[in-house]
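Student: I have a structure to read and a list of terms to go with it. Can we go through them one by one?

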Amino acid sequence: MAAAFSFASTSPKNSPTPISSPLFLPPSSHSISLPLPLPSPLSLSTSTAAATVSLRIRCIDAAQPFDYESQLRYQHLKSKSLKIAILGFGNYGQFLAKAFSRQGHTVIAHSRTDYSAAAAALGVRFYSNPHDLCESHPEVVLLCTSILSSEKVLQSFPFQRLKRNTLFVDVLSVKEFAKTIMLKYLPVEFDVLCTHPMFGPESGKHSWAGLPFVYDKVRIGNSEDRISKCEKFLDIFSREGCRMVEMSCAEHDRHAAGSQFVTHAMGRVLEKFGLESSPINTKGYETLLNLVGNTSGDSFELFYGLFLCNPNAMEQLERLDMAFEAIRKELFGKLHQVYRKQLFGDLEGGQVESFRIQKMLVNGASGKLPPSETSSEDGSSA
Ligand code: NAP
């Protein structure tokens, strides 16, 4: 909406250059300077001279909330935004809340610990009582509690206070388990979306671009609003640039045990081992340090949940153990060969060594044999 402006009424009677016609400013102008003749203090009595003052219009289109454009913009944003309730506002819940708020969604949260201050800092409304949270009728409820506590949380959650078309989403790192407990405890009217953002506060610190986001639409109703709500939620991650991967929960768990669980296990082994940075770190060593950094921030409960609730994890742990044992055998096997050769196989070398020792005993250190007589190719007498 362009502003129509007339200066006719403000120009003095004897103005040398009166501006009388309405002035239409181009919509693209944000600021425009106009020479406006104003009477000097003297001119008030003499009316002879006018001083020229430069006026600047800084804004020509300050849309008001009641303007049509504002209403349209509000409707558009509202149609895109969701009211999301996060259950479990620990490390990961807060990490996700940041992105949700940044994208303009309304975020509310509940946790057994009082996170009011942390929530306020993120623009999130915190409810200590889950009944109050439900009564504010979120469209999406996001289960972000630890794997091992999730079943207990669902068992005691006041679902009856939520709307019947609520979309329930989880971000648990094990998917078959999450799907099973959600289908077991959630009312049948609720939609169920199982997801796993395959990144955390460390790996997704700067950006989520290119990072995998796995999801399985376990139970989404046919109606347009239910489908669109689910798409709007998934769109949060697409907009951040995630690589969206639709996959069944079972398939996710098979892949995740071989990748994610092994990553966490190795990170924890190396942490226990006590890796330390040195002034001559190689690139490979830096990778190991990064691995420890990436996994050490996660709670042990998370790691334990990955182990306990992914049926494939035990097999992977055993494979890791076997692989470690195989490497140890390979190394010790080689060492054993050399040792045997020294003891039994390399008689000539052994004779030379005993001869050298005898000579040293008789003549002291000067009784060394020439190098040609002492060295053998495998270094057994070096
Ligand atoms: P976590 O240790 O797995 O979970 C911590 C959360 O669980 C906190 O909100 C905590 O609430 C809640 N909790 C723990 N025990 C509880 C109980 N007995 N009753 C009620 N709530 C309980 O650490 P996290 O990193 O925040 O992970 C949260 C979820 O996100 C997990 O399911 C995890 O698999 C998933 N996830 C994590 C990552 C990651 O990189 N960290 C990535 C993808 C998915 P209080 O703080 O109030 O005690």
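Tutor: Start with contact, which means heavy atoms within 4.5 Å. Leaving aside its neighbours within four places in sequence, Ala 209 is in contact with Glu 240 and Gly 241. The model is predicted: local features need pLDDT of at least 70, side-chain atom pairs count only at pLDDT 80 or more, and totals for chains, interfaces and linings use all residues. Residues are numbered from 1 along each chain as its sequence is written, and side-chain values use heavy atoms, with hydrogens and water left out.

Student: How far apart are Ala 209 and Glu 240 in sequence and in space?

Tutor: They are 31 residues apart in sequence and 6.1 Å apart in space, C-alpha to C-alpha. Ala 209 lies in the loop between β10 (191–197) and β11 (212–219). Strands are DSSP runs (E, at least two residues) and helices are too (H or I, at least four), numbered from the N terminus.

Student: Why are α9 and α12 called oblique to each other?

Tutor: Helix α9 (residues 249–273) and helix α12 (residues 313–345) pack at about 55°, with their axes 10 Å apart. Axes are lines fitted to C-alpha atoms, for helices over the stretch in contact, and angles run from 0 to 180 degrees between N-to-C directions. Angles under 35 degrees count as roughly parallel, over 145 as roughly antiparallel, 65 to 115 as roughly perpendicular and the rest as oblique. The angle of about 55° falls in the rest, so α9 and α12 are oblique.

Student: Which residues of α9 and α12 meet, and of what class are they?

Tutor: Ala 257, Gly 258, Phe 261, Val 262, Ala 265 and Met 266 of α9 meet Ala 313, Gln 316, Leu 317 and Leu 320 of α12. By class, that contact has eight nonpolar, two polar and no charged residues. Ala, Val, Leu, Ile, Met, Phe, Trp, Tyr, Cys and Pro count as nonpolar, Asp, Glu, Lys and Arg as charged, and the others, Gly among them, as polar.

Student: What is the angle between α6 and α7, and what is it called?

Tutor: Helix α6 (residues 147–155) and helix α7 (residues 175–185) pack at about 5°, their axes 10 Å apart. An angle of about 5° is under 35 degrees, so α6 is roughly parallel to α7. Their contact has six nonpolar, two polar and two charged residues.
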